[in-house]
Every structure is written in C-alpha cells, then in structure tokens.
Amino acid sequence: MAAASGDDNESIEEHKQALIHPAAMLYGVQKMFGDQARVKAKQAYGRLIDAHLLVAGVLGAGLLRTNGVVTPITATSEERNALFAGFVIGLNACESAIEEARYLQAHALLRQEMEILAQLKAVREGRRKPNGSPNVTALEKSLRRLYGDLTAAAHVSKHDVVESVTAWDGLMEDLPGPTAMTRYFPETDTGLARRSFALHITLMIHLIEELSLDYDERHPNHAFTDRERAALNHAVKLMIAEGLVESDDPEPLNNQG
C-alpha cells in the first residue's frame with residue numbers, strides 16, 4: 001500500500017477538521033443517552049444489584065483462591081480454563097451493554113455466555129465438536145427456551161425484535177397520521193433491562209457450578225465454601241423475590257455430581 005503523499009495528508013487534515021464536529025456529536029449523543037439509561041437501569045434492578053454482588057463476590061473469591069496455583073494440565077482442563085476465562089473477561093462488556101440499553105448487543109453477549117456454558121458441559125462430557133456450534137440442549141430447559149430469542153437478536157433476523165429496541169415511542173405531536181419513528185440512541189426498557197440482567201446473573205451462577213466441579217476435582221483445598229454456597233442461595237432468593245426466577249429452580253451447587 002502506497003504511503004500518503006503530502007497533498008493527501010493535507011486533504012485528510014481538511015476532511016478531519018470538517019468532520020470532527022459530527023463525529024463528536026455522534027459519540028457524544030451515544031454517551032449521553034447511555035449514561036441516562038445506566039441510571040434508569042440501576043433504579044429498575046431493585047434487589048438484583050444485591051444478588052449480583054453476592055454472585056460476583058463468590059466467583060471472584062473462588063478465582064482469587066486458585067490464582068497462581070500450579071496443577072497438572074490436561075486437554076480437558078486447558079479447554080475449560082479458556083472457556084471460564086472467556087466468560088469472565090466478557091462480564092463487564094455484557095453488564096455495560098445491558099445497563100446502557102444497547103439490547104441487541106447485550107443479547108448477543110448473553111447468547112455467547114449461554115454458548116460458553118454449553119461448551120463447558122460438552123468438554124466435561126467429552127463430546128465437544130472441534131468446529132461445530134455448541135449444543136445448547138445440554139442446558140436446562142429454562143435457559144434453552146431463551147436461546148432462540150437471543151439468537152434472533154444476535155443475527156438481527158427478525159424485524160420486530162430489531163424494531164422493538166430502536167423504535168421511538170415518545171411524543172410525536174403535529175405529525176400527519178400514524179407515524180413510525182426510529183431513534184439512533186439507547187433508551188431503557190425497564191422490563192427488558194431487569195430480565196436481561198437476571199439472565200446474566202443466572203448464567204454467572206451456572207458458571208460457578210461448572211467451576212465448582214473443577215475445583216472439587218483439581219483444587220479440593222480451594223473448593224467453594226459453605227458460606228459461599230449460602231451466599232449463592234441468597235442471591236437466588238433475591239431473584240425469586242423480584243419475580244425473575246421460578247421458586248422451584250434448584251439451589252446452586254447443591255446438585256453437583
């Protein structure tokens with residue numbers, strides 16, 4: 001590729017000066033409405049904030065205990081460690097997307113979290129396909145039934161799904177007849193924010209369950225404690241109280257094989 005000439009650089013600088021304002025406006029509007037959505041989302045979460053702190057605390061405590069611990073490597077442990085890390089690295093990105101009402105992006109990340117869990121189970125059971133998509137049928141029914149909607153959001157394959165998170169439903173005075181308007185900034189949907197955040201917390205709990213199996217086998221001296229198990233159970237109870245988890249769901253870490 002040829003280097004830019006002096007004339008090209010001068011032209012580039014002229015274009016930059018002409019376009020810096022609309023570029024700043026584009027991202028400034030996204031940040032302003034994203035910040036507003038974050039405030040609204042946290043108000044809508046209720047006790048989900050407490051549930052999230054408990055779950056994140058248990059996950060963090062477990063990871064800190066095994067930080068730097070040397071254990072024999074197996075093909076299975078390498079694969080599972082990479083999947084655990086991939087999930088954890090994406091935590092903040094997923095939570096920020098939900099809070100800032102960037103729901104299409106958030107649901108693509110939730111779908112990936114679900115697929116990581118499916119892959120963890122496949123690796124543990126020795127049935128992971130090298131180049132295949134994860135088989136989410138290994139997940140419990142309450143999670144599997146959400147996968148289709150998350151996929152529709154990730155693939156933007158259904159107009160109604162895309163429209164539902166980009167349509168403007170504010171004031172539309174003095175407009176002729178029925179009018180549909182599209183917004184180019186995020187806006188909080190309280191119910192969707194709560195459901196999405198609760199699903200994220202639930203997936204974190206399932207990740208801890210998979211991590212617990214590894215710890216029991218490979219790090220028995222660093223296994224999750226009874227106190228941490230109790231904290232997870234409190235988190236589930238908080239989500240039940242918020243109406244976002246069925247009360248007959250099993251308690252986390254209580255049914256480990």
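With which residue does Glu 228 form a salt bridge? In this predicted model, the partner of Glu 228 is Arg 65, and the closest N and O atoms of the two are 2.7 Å apart. The pair links distant parts of the chain, since Glu 228 belongs to helix H9 and Arg 65 to helix H2, 163 residues apart. The two partners fall into separate classes of accessibility: Glu 228 has a relative accessible area of 11% and is buried, whereas Arg 65, with a relative accessible area of 26%, is partly exposed. The cut-off that divides these classes is 20%, under which a residue counts as buried.

A total of 15 salt bridges is found in the structure. One of them joins the side chains of Lys 40 and Glu 187, with a distance of 2.8 Å from N to O. Because Lys 40 is part of helix H1 while Glu 187 sits in the loop between helix H7 (159-164) and H8, this pair ties together parts that are 147 residues apart in sequence. Lys 40 is partly exposed, its relative accessible area being 36%, and Glu 187 is likewise counted as partly exposed, at 24% relative accessibility.

A further salt bridge is formed by Glu 242 and Arg 194, whose closest N and O atoms are 2.9 Å apart. Here, too, distant parts of the chain are linked, with Glu 242 in the segment after H9 and Arg 194 in helix H8, 48 residues apart. Arg 194 is buried, and its relative accessible area is 16%. Besides these pairs, a network of salt bridges links Arg 80, Lys 121, Arg 124, Glu 210 and Asp 214.

The surroundings of Met 239 can be described in more detail. When residues up to four places away in sequence are not counted, Met 239 touches Leu 48, Ala 51, Ala 198, Ile 201, Thr 202, Ile 205, Leu 244 and Val 245.

Notes:
Residues are numbered from 1 along each chain as its sequence is written. This is a predicted model: local features need pLDDT of at least 70, side-chain atom pairs count only at pLDDT 80 or more; totals for chains, interfaces and linings use all residues. Side-chain values use heavy atoms; hydrogens and water are left out. Contact means heavy atoms within 4.5 Å. A salt bridge is a side-chain nitrogen of Lys or Arg within 4 Å of a carboxyl oxygen of Asp or Glu. Helices (H or I, at least four residues) and strands (E, at least two) are DSSP runs, numbered from the N terminus. Buried means under 20% relative accessible area, exposed over 50%, partly exposed in between (1.4 Å probe, protein chains only).
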